[in-house]
Amino acid sequence: MCNQRRNWIALIPAYQPTPLLLNLLKEAQHHGFKIVVVDDGSDATSANLFHQAEKYADVVHHTANKGKGRAIKTGLAYIRDHYPSDCIIVTLDADGQHKVTDAEKLCKMAQENAGSMILGSRRLNKNVPLRSRFGNTATRFVFRLSTGKSVYDTQTGLRAFSSELISKLLSIEGERYEYEMNVLLICARENIPITETEIETIYIDGNASSHFDTIKDSYRVYKEILKFSASSFASFLVDYGLYSILSVATATFGSSGLIASNIGARIVSSSINYSLNKKIVFKSNASTVKSLCQYAALAAVILFGNTCVLSLLVNKVGVNRYLAKLCTEILFFFLSWLVQKYIIFSKSAKGGQE
């Protein structure tokens, strides 16, 4: 890896930027960065600002707003085609939240750790806007749930990496804010090292310049796990409803009736859950035969564990059988999510004809 700073490239996606962008460009150029700015379909009021930006950076334009994820990928493709193959890239937000000195720190780390994703981690103190603190806490939880790995600042836009990751980053799904979360998910899944280093937290006017739509963009970030939760909840309603009916019908049979009720309800709800997850949640093209066998094996393991825990809670601990059922379902929800996402319906689990 070349040690010369001329191979450090700042990639800045920008939509309706303020004059703070020019200040950032001047400082980045002063510190020796080559700069690529992607105008993500800003309107005519920003035309003069982007014209001035051309003094400091290569400016690439989208004719319409396509989202931060697409802007980053457009910039990466431009860098791949116009810059040396041994460069270090750092992404910065256009609103002045990131210090160039922090970008330098990340680039040094990326240069020393080729193939790694280096994150500028903001320590979210009381001065951080509530929306940002809540969003990061939520995505941190979702990320830990989905990958089993811990990243403190999943929403940081300050990220550095070597150019060898460009091809991988271009292949990752996502056009808007969900892209940055998807990048971390893929890095975790494919064992691409993720390293965090603390940076200064800067919020200007309470982060008012952010184009993050709390409702729409949060949905994009969380939609996969939300769909999985909805599918699981629908199946749970079937399972719990049928379990309740059968439980009343078999109450006179004691423990054997409890077990029979749980097994019967689970067989029906699992069939519904498999269909929903394959076709709607994960939109998997995995072989039906293979995925169905894997799902059946998972269902059998969960059923066995579910039944054992349920029996333990009801018969040994003395928990109400309906409350015990709720607690048991929550416990096994997380295991089911991880196995289905990363094994049964993973993007790489492609089989034969459907």
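Author: Let us begin with the aromatic residues, where ring pairs link F233, F236, Y240 and Y243 into a cluster. The model is a predicted one, in which local features need pLDDT of at least 70 and side-chain atom pairs count only at pLDDT 80 or more, while totals for chains, interfaces and linings use all residues. Residues are numbered from 1 along each chain as its sequence is written, and side-chain values use heavy atoms, with hydrogens and water left out.

Reader: Why is the pair of W8 and F33 called tilted?

Author: The ring centres of W8 and F33 are 5.8 Å apart and the planes stand at 40 degrees, so the pair is tilted. It links distant parts of the chain, with W8 in strand β1 and F33 in the loop between α1 and β2, 25 residues apart. Helices (H or I, at least four residues) and strands (E, at least two) are DSSP runs, numbered from the N terminus. Both W8 and F33 are buried, where buried means under 20% relative accessible area, exposed over 50% and partly exposed in between (1.4 Å probe, protein chains only).

Reader: How do you know that the charged end of K325 sits over the ring of Y243?

Author: A charge sits over a ring if NZ of Lys or CZ of Arg is within 6 Å of the ring centre and within 35 degrees of the ring normal. The charged end of K325 is 5.1 Å from the centre of the Y243 ring and is assigned as sitting over it.

Reader: What makes β3 and β7 the edges of the sheet?

Author: Two strands pair if DSSP finds at least two bridges between them. The open sheet of seven strands runs β3-β2-β1-β4-β6-β5-β7, with mixed pairing. β3 (58–62) and β7 (194–199) each have a single partner strand, so one side of each is left without a neighbour in the sheet. Further in, β1 (residues 8–14) and β2 (residues 34–40) pair in the parallel sense over six bridges, and P13 stands opposite V38 in β2.

Technical notes. Phe/Tyr/Trp six-rings, centres within 6.5 Å; stacked < 30°, edge-to-face > 60°.
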